[in-house]
Amino acid sequence: MRLSRAEARERSRRALIEAAAEEISDRGYAAARLEDIASRAEVTTGSIYSIFGSKLNLIVAAMAHLAHDLYGEMMPAISPGEDLTVEDVLRSCARRIQHLASTPQAQRYMHLELELASLALTDKQTFAQAGESVLDPPQDLVLTIATLLTGRRLAGGSHERTTPEQGADLAPAVHALLLGLFQARVLHAEDMSAEYYERAAVALLGMLNG
């Protein structure tokens with residue numbers, strides 16, 4: 001079936017975003033070239049300008065695409081309605097991060113993290129133009145963790161459950177710890193077991209008593 005003009009344009013847009021994401025992961029933001037991106041996507045360089053208007057707009061769309069993929073992969077498949085303890089949730093998050101850090105995709109994810117950090121620190125104008133599309137994923141991840149930690153049973157058979165305030169207070173620390181362990185595993189190839197990740201995450205439970 002022949003695609004309509006709008007459908008063909010959307011297909012090219014998706015292909016360019018995926019190609020740009022691959023180029024950024026392989027070569028970095030600064031070295032990403034429009035010619036190479038267009039070649040990967042099997043479209044003309046002119047298509048980039050007609051669809052996105054500029055290299056910056058394409059790169060921003062690609063980095064947002066990569067970021068959302070990354071942060072979506074980091075969370076375990078837990079429903080907010082599951083009757084789990086807060087410790088269960090922390091252990092599940094820790095196992096998910098440990099598994100992700102051990103996959104072949106981990107270096108690509110790490111590369112993205114470094115690219116985002118470098119862009120934020122060294123090219124503030126570009127990062128500002130990227131706006132919420134790139135800034136949101138980390139914040140979304142913290143909010144997701146907070147949601148997963150809210151309404152969970154406390155240890156010791158208590159009928160008490162974590163409050164939204166406790167979930168929001170604990171989530172940034174959980175995010176920082178797990179991301180740090182992820183980075184250590186990828187950058188230094190430290191062979192940290194899932195049990196180590198879990199013990200580190202569970203140690204944060206002390207914050208609930210603070």
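## Overall make-up

A residue is called buried when its relative accessible area is under 20%, and exposed when that value is over 50%, with partly exposed residues in between. By this definition, 43% of the 210 residues of the protein count as buried. The structure shown here is a predicted model, and everything described below was computed from that model.

The secondary structure comes to 10 helices and zero strands, so that, read from the N terminus on, the elements of the protein run α-α-α-α-α-α-α-α-α-α. Among contacts between residues at least 6 apart in sequence, 68% join residues that are at least 24 apart.

In soluble globular proteins, nonpolar side chains tend to be buried together. In this model, the largest nonpolar core has 65 residues, and those with the most contacts inside it are Leu16, Ile37, Leu58, Met74, Leu149, Val174 and Phe182. The largest share of this core comes from helix H4, which spans residues 55-74 and supplies 11 residues.

Phenylalanine 182, one of the residues with the most contacts inside the core, can be followed in more detail. Leaving aside residues up to four places away in sequence, phenylalanine 182 touches Ile97, Leu100, Ala101, Ala106, Tyr109, Met110 and Tyr197. Tyr197 belongs to helix H10, which covers residues 194-202, and in that helix Ala194, Tyr197, Glu198, Ala200, Ala201 and Val202 are buried. What covers these buried residues of H10 includes helices H5 and H9.

## An enclosed space

Rolling a probe the size of a water molecule over the atoms shows where empty space is left. A search of the whole structure finds one cavity of 30 Å³ or more, and the largest cavity has a volume of about 40 Å³.

Which residues line the largest cavity? The lining is formed by Met74, Met75, Ile97, Leu141, Ile145, His175, Leu178 and Leu179, and by class it has seven nonpolar residues, one polar residue and no charged residues. Helix H8 (132-149) and helix H9 (164-188) each supply at least two residues of this lining, while H9 gives the most, with three residues.

Valine 60 has its place in helix H4, and because its relative accessibility is 13%, under the 20% limit, valine 60 counts as buried. The C-alpha atoms of valine 60 and alanine 21 are separated by 9.7 Å, although these residues are 39 residues apart along the chain.

Serine 92 is placed in helix H5, which runs over residues 86-101. Serine 92 counts as buried because its relative accessibility is 15%, and its contacts, again without residues up to four places away in sequence, are with Pro76 and Ile78.

## Two exposed residues

Glutamate 42 lies in the loop between helix H2 (34-41) and helix H3 (45-52), and because its relative accessibility is 74%, over the 50% limit, glutamate 42 counts as exposed. Glutamate 42 also has a positive phi of about 60 degrees, although it is not a glycine.

From C-alpha to C-alpha, glutamine 107 and leucine 187 are 8.2 Å apart in space, whereas in sequence they are 80 residues apart.

Definitions and conventions:
Residues are numbered from 1 along each chain as its sequence is written. This is a predicted model: local features need pLDDT of at least 70, side-chain atom pairs count only at pLDDT 80 or more; totals for chains, interfaces and linings use all residues. Side-chain values use heavy atoms; hydrogens and water are left out. On a 1 Å grid over the protein atoms alone, a cavity is a set of points where a 1.4 Å probe fits but cannot get out, and a pocket is an open set with protein on both sides within 12 Å along at least five of seven lines; lining residues have an atom within 4 Å of a point. Grid points are joined across faces, edges and corners, and a volume is the space filled by probe spheres set on the points. Helices (H or I, at least four residues) and strands (E, at least two) are DSSP runs, numbered from the N terminus. Ala, Val, Leu, Ile, Met, Phe, Trp, Tyr, Cys and Pro count as nonpolar, Asp, Glu, Lys and Arg as charged, and the others, Gly among them, as polar. Buried means under 20% relative accessible area, exposed over 50%, partly exposed in between (1.4 Å probe, protein chains only). Contact means heavy atoms within 4.5 Å. A nonpolar core is a set of buried Ala, Val, Leu, Ile, Met, Phe, Trp, Tyr and Cys residues joined through side-chain atoms within 4.5 Å.
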